[in-house]
Amino acid sequence: MATPDYSALITGQREYFLSGATRPASWRKAQLKALKAMFAENHDELCDALWKDLRRNVVDADTMDVAYNVREADYALKHLDSWITPERVRAPLVLQPGHVRVRHDPHGVTLIIGAWNEPFMLLFAPLVAALAGGNTAVLKPSELAVACSAAAAKLAPKYFDSRAVAVVEGAVPETSALLEEKWDFIFFTGSPEIGKIIHQAAAKNLTPCVLELGGKNPTIVHSSANLKTAANRIAYGRYLNAGQICTAPDHVLVWPEVKDAFLRQLGDSIRDFFGDDPKSSPDYGRVINARNFDRLVGLMKSGKVVVGGQSDAAERYIAPTVLVNVTEDSPIMNEEVFGPILPVLEIPSVDAAIQWINSRPTPLGLYVFAEDASIAERILDATRSGDAAVNDCTIHPMVPELPFGGAGNSGMGKYHGRWGFEAFTNARGVLYHSASIDPGVRYPPYSKHVFERKIQNKLLP
Ligand code: NAD
């Protein structure tokens, strides 16, 4: 098969960007409104695509992928005028008369590569930031969310000029061909493994990039925790989208004295949410494909099943499952679970929890359930993670004021709200200096102005 050639598409976007068309606030607002219209007018079709790919119910479809993007665009529309107004900062006395400003200028032509688990959010939330920043964008959906990729490719041309926003469908060959092109900015969501490929491709042209990656999110349940609430929120976070959420609790570390009570509560929460037969619950999703189904069924053998454990290959169904008797070296503890299986391990102390976290790759999310507030602060003070939540998990990306993104192995760069706008723009410092006064003191020969230079150095900030 011939290598796909995207040079004409990218040249078209570059010409459009360089024409200045994308810079005015009015253009940016029109694009954000188009994005909102795309999601509002095709709500049912987009939800249907999520149902086909992931058997996602409408409430979760809206929370994560459909209404979510409308909210993100609304937030950008509300704040755009203030974001794009250059910030005044103080000019040092020696540069007077003059003033200094920080402009937030677009990068230019950007590439956004998405993962399959939140197929619309991972393309269109970055797109909101790209458009608010005055960029053009090419979106590459994951080929694994087949219906969602097709829906994005079908609908985007109806709402956007392809010189501004285009969708390119495809898998590795198409993405590799896209990465051969020169971009001004790359935004990638996916696994740390592929993140490294993207980072290397970006390095060829020193292209800045944001990498939104995954990892194993530790979830600490302290002996002081409100166990019922902890169980509800952990079960919600782990089994939402059948566990296929980057911010889901990956494993629980619980104090031994409350382990049994926590496990009982967890079982109750799962039953309360999905009934005795989660397979027939309209609210419970499915695994994306056979490859992941087989991987997850294999991981279930890493411990003793205390809740769930059932599976059905024909439907790609795996019951909400809880495992105990899992050891640190078992397969499930050595890869991101990314499915509806939750290993619960004992941890004896705060120090042991800190040691656990610090001896592993930096996670995307870190969650602490404790009524004793000092426990969470001790853990936060001594560890690293992209983001964190106390007495909650998974849903912190819903707060538009919070930066969202990884650290270390879970990624680099942040987005959502103002943070996305900053990622998709260059903070360009500008000195406006009056030409009317030009004291010779700054110019050589320096020996002429020894005394004045001493004074000048005192005036520098
Ligand atoms: P993935 O890394 O396999 O794929 C992501 C994208 O990269 C897809 O569009 C895919 O087509 C492309 N790709 C795959 N192989 C490639 C290659 N060799 N060269 C170039 N491009 C390639 O990830 P996934 O399976 O789609 O998603 C799951 C991962 O994403 C998990 O690790 C999860 O935690 C992470 N994730 C992170 C976030 C976040 O915001 N941090 C959100 C969702 C998912």
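Modeller: Here are some questions about the labels, each with its definition.

Modeller: This is a predicted model, where local features need pLDDT of at least 70, side-chain atom pairs count only at pLDDT 80 or more, and totals for chains, interfaces and linings use all residues. Residues are numbered from 1 along each chain as its sequence is written, and side-chain values use heavy atoms, with hydrogens and water left out.

Biologist: Okay, why is isoleucine 395 called partly exposed?

Modeller: Its relative accessible area is 34%. Buried means under 20% and exposed over 50%, with partly exposed in between (1.4 Å probe, protein chains only), so isoleucine 395 counts as partly exposed. Isoleucine 395 sits in the loop between β16 (387–390) and β17 (411–412); strands are DSSP runs of E, at least two residues, numbered from the N terminus.

Biologist: And what makes lysine 414 and aspartate 387 a salt bridge?

Modeller: The closest N and O atoms are 3.7 Å apart. The rule asks for a side-chain nitrogen of Lys or Arg within 4 Å of a carboxyl oxygen of Asp or Glu, so this pair qualifies.

Biologist: Which stretches make up the two domains?

Modeller: Domain 1 is 7–213 + 412–426 and domain 2 is 218–405, with bounds from an automatic or database domain assignment. Their C-alpha centres lie 30 Å apart.

Biologist: How many residues are in contact between them?

Modeller: 25 residues of domain 1 touch 29 of domain 2, where contact means heavy atoms within 4.5 Å.

Notes:
Helix = DSSP H or I, 4+ residues; strand = E, 2+ residues; numbered from the N terminus.
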